[in-house]
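User: I am new to this structure and would like to learn how to read its features one at a time. Could you take me through them, giving the general idea before each case?

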Amino acid sequence: MRETEQPAGRVQGKVAVVVGAGCAGPGWGNGRAIAVRLAQEGATVVAVDKVAGGLPETLALAGAAAGRIETALADACNPDQMAAVFASVLQRHGRLDILVNNVGGPAAGGAGVLTHADWQAQLALNLTSVFTSCRLALPIMVQQGSGAIVNVSSTSAIRWTGAPQVAYAAAKAGVMQFGRVTAVEYARHGLRVNTVLPGQLHTPLVDAILARQQSDGDSEALLRRRRARIPLPLEGDGRDTANAVLFLVSDEARFITGTELIVDGGMSARCD
């Protein structure tokens, strides 16, 4: 390679849709970090969110890669709005190589107290949104004979993580099994489907949830309890999720499908 040449990015020339690419506040949320990381590695990224306010910071944090990020407003739970997004992507770019489904969020409540409406809302937000995007993306990828999908679940899908969020946990477990079944069904078409399970990363969504849930003002104490569950002596953020997603959608993971990658600093490996 000549000194003036730059190495190609790991997803150079790919077209990616990242659903849930805004953020609940300043900083590195999962979706924001995923959109930025893919753009930094050469992809054209369509960053989708239902709230316009979080997308400008996504572009600002992308720096020189911001020119490879397009924004789109749509509610991941609205099939018509999402259909319009994918139609636009196909019209503008003629293909879709990568889909990342990152929409989600917990609601407090165990099986004995959660309302039926809250249960249904949690399933819609955390699981049905994944189905909606995949249902739209899969025919495009099948026609191409290639494509990589990563759905963002949670370690709440595989263990108790400190709060009775039963609908969130059940929905995120559903995301894992949805990925496995879909991966096997579509493998013959050259498509790959995998799932990332972030643990208790410190993202802007965490700060927003803590601000709503704690009443005594001692959010730092709650954060310390979260950190104490993590064996590694550091606290991850959305960039750690983004790096896992980047690997799974890149050609480095060409023989990986139907599986899960846990990003939690070892928390889910603990037995205490």
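User: Which residues in the largest nonpolar core touch the most other members?

Analyst: As a general idea, nonpolar side chains tend to be buried together in soluble globular proteins. In this structure, which is a predicted model, the largest nonpolar core has 32 residues, and those touching the most other members are Val-18, Ile-34, Leu-38, Val-45, Val-100 and Val-249. At least two residues of this core come from each of strand S1 (15–19), helix H1, strand S2 (44–49), helix H2 (55–62), strand S4 (98–101), strand S5 (147–152) and helix H8. There is also a second, separate core of 28 residues, which includes Val-89, Leu-99, Val-175 and Leu-191.

User: Where is Val-45 found, and which residues does Val-45 touch when those up to four places away in sequence are not counted?

Analyst: Val-45 is found in strand S2, and with a relative accessible area of 0% Val-45 is buried. Leaving out residues up to four places away in sequence, Val-45 touches Ala-16, Val-18, Ala-35, Leu-38, Ala-39, Arg-68, Ile-69 and Glu-70. For the protein chain as a whole, 76% of the contacts between residues at least 6 apart in sequence join residues at least 24 apart.

User: How should I read the packing of two helices, and at what angle do H1 and H8 pack?

Analyst: Two packed helices are described by the angle between their axes and the distance between the axes. Helix H1 (residues 30–40) packs against helix H8 (residues 238–249) at an angle of about 50 degrees, and their axes are 8 Å apart. The two helices are therefore oblique to each other, and their crossing is right-handed. On the H1 side the contact is made by Asn-30, Ala-33, Ile-34, Arg-37 and Leu-38, while the residues they meet in H8 include Ala-242, Val-245, Leu-246 and Val-249. Sorted by class, this contact of H1 with H8 has seven nonpolar, four polar and two charged residues.

User: How many of the residues in H1 are buried?

Analyst: Nine of the 11 residues in H1 are buried, so that this helix is mostly covered. Among the buried residues of H1 are Asn-30, Arg-32, Ile-34 and Leu-38. Just after H1 comes Gly-42, which takes a positive phi of about 100 degrees.

User: How do H4 and H5 cross, and at roughly what angle?

Analyst: The axes of helix H4 (residues 116–144) and helix H5 (residues 166–186) come within 8 Å and cross at roughly 15 degrees. That makes H4 roughly parallel to H5, and the crossing of these two helices is right-handed. Among the residues in this contact are Trp-119, Leu-123, Phe-131 and Val-142 in H4, and Tyr-168, Val-175, Phe-178 and Tyr-186 in H5. By class, the contact of H4 with H5 has 16 nonpolar, four polar and one charged residues.

Terms used. Residues are numbered from 1 along each chain as its sequence is written. This is a predicted model: local features need pLDDT of at least 70, side-chain atom pairs count only at pLDDT 80 or more; totals for chains, interfaces and linings use all residues. Side-chain values use heavy atoms; hydrogens and water are left out. Axes are lines fitted to C-alpha atoms, for helices over the stretch in contact, and angles run from 0 to 180 degrees between N-to-C directions. Helices (H or I, at least four residues) and strands (E, at least two) are DSSP runs, numbered from the N terminus. Angles under 35 degrees count as roughly parallel, over 145 as roughly antiparallel, 65 to 115 as roughly perpendicular and the rest as oblique. A crossing is left-handed if the near helix is turned anticlockwise from the far one by less than a right angle, and right-handed if clockwise. Contact means heavy atoms within 4.5 Å. Ala, Val, Leu, Ile, Met, Phe, Trp, Tyr, Cys and Pro count as nonpolar, Asp, Glu, Lys and Arg as charged, and the others, Gly among them, as polar. A nonpolar core is a set of buried Ala, Val, Leu, Ile, Met, Phe, Trp, Tyr and Cys residues joined through side-chain atoms within 4.5 Å. Buried means under 20% relative accessible area, exposed over 50%, partly exposed in between (1.4 Å probe, protein chains only).
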